[in-house]
Amino acid sequence: MEIKINGTKIILKVGDITEEDTQAIVNAANSTLMGGGGVDGAIHAKGGPSILEECKKIREEKYPDGLPTGEAVITTGGNLKADYVIHTVGPICSRKFTEREEKLLYNAYYNSLKLAKEKGIKSISFPSISTGAYRCPVDKAARTALKAVIDFIKKEDCIQQIRFVLFTQDVYEKYKEALNGI
Ligand code: AR6
């Protein structure tokens, strides 16, 4: 499914984000930036060790205590098709989704897009941040994700294409419902 708002195409698809050929892909990382499971594990495994080296440097130079939830940083894409990986940290929901989790998740998407804009990135792919290991409810997380993206592109027309690359049909359907409801 796809829609166009303000010159930016929003695309929802089922797929593996590590295969995307957008200029940047977004990693659902954790504060350590040292890798993990899920999307994070897949990105580091396919992208190779240079991504981790850059993450270590970012930790040393800018975030010795870890990347705060809702913030974003950028590395190159190593061996991936994408030129860049934007690493962000979503909230740990453990199934609850109060205003606090909503705001932090919103920030994770919005700050990733702000960083993409600063780097002149024209196309970007997002996974469904925080809905795996961090257990945010997918329907609510989908609405927040789409709201953040749409708010951003209503203000900025710099990014041409934003993809949501969803791992399963089930998650895809939830995003589709959320987009239809906006
Ligand atoms: N491509 C697209 N989506 C994927 C892929 C993939 N290759 N692999 C998994 N997903 P998660 P989180 C989906 O757990 O909830 C890590 O250990 C997955 O099915 O990757 O933000 C980090 O290091 C789910 O729908 O991210 C953190 O510690 C969605 O991506 C923690 O998990 C997000 O699942 C972050 O947890």
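S94 lies in the loop between β5 and α3 (99-118), where helices (H or I, at least four residues) and strands (E, at least two) are DSSP runs numbered from the N terminus. Phi of S94 is positive, about 45°, although S94 is not a glycine. L33 also has a positive phi, near 60°, and is a residue other than glycine. Most residues other than glycine have a negative phi. L33 belongs to the loop between β3 and α1 and counts as buried at 2% relative accessibility; buried means under 20% relative accessible area, exposed over 50% and partly exposed in between (1.4 Å probe, protein chains only).

The structure is a predicted model, in which local features need pLDDT of at least 70 and side-chain atom pairs count only at pLDDT 80 or more, while totals for chains, interfaces and linings use all residues. Residues are numbered from 1 along each chain as its sequence is written, and side-chain values use heavy atoms, with hydrogens and water left out.

Seven strands form an open sheet of mixed pairing, in the order β1-β2-β7-β6-β3-β5-β4; two strands pair if DSSP finds at least two bridges between them. β1 (2-5) and β4 (72-76) stand at the edges with a single partner strand each, so one side of each has no neighbour in the sheet. From one strand to the next the twist averages 25°. Four of the five residues of β4 are buried, so this strand is largely enclosed by the rest of the structure. β4 pairs with β5 in the antiparallel sense over five bridges, and V73 has H87 in β5 as its bridge partner. β6 (residues 123-126) and β7 run parallel and are joined by four bridges. F126 stands opposite F164 in β7.

Helix α2 (residues 49-61) packs on the sheet, touching β4 and β5 (84-89), and its direction makes about 140° with that of β4. Contact means heavy atoms within 4.5 Å; axes are lines fitted to C-alpha atoms, for helices over the stretch in contact, and angles run from 0 to 180 degrees between N-to-C directions. α1 and α2 pack at an angle of about 115°, and their axes are 6 Å apart. In this contact, I43, H44 and G47 of α1 meet P49, S50, I51, L52 and C55 of α2. By class, the contact of α1 with α2 has five nonpolar, three polar and no charged residues, with Ala, Val, Leu, Ile, Met, Phe, Trp, Tyr, Cys and Pro taken as nonpolar, Asp, Glu, Lys and Arg as charged, and the others, Gly among them, as polar.

L113, in helix α3, is buried at 0% relative accessibility. Residues up to four places away in sequence aside, L113 touches I124, F126, V149, F152, I159 and I162.

The largest pocket has a volume of about 540 Å³. On a 1 Å grid over the protein atoms alone, a pocket is an open set of points where a 1.4 Å probe fits, with protein on both sides within 12 Å along at least five of seven lines, and lining residues have an atom within 4 Å of a point. Grid points are joined across faces, edges and corners, and a volume is the space filled by probe spheres set on the points. Of the 27 lining residues, A28, G38, V39, S128 and G132 are the closest to the centre of the pocket. β3 (24-29), α1 (38-47) and β7 (161-166) each supply at least two residues of the lining, and the largest share, four residues, comes from α1. The lining has 13 nonpolar, 12 polar and two charged residues.
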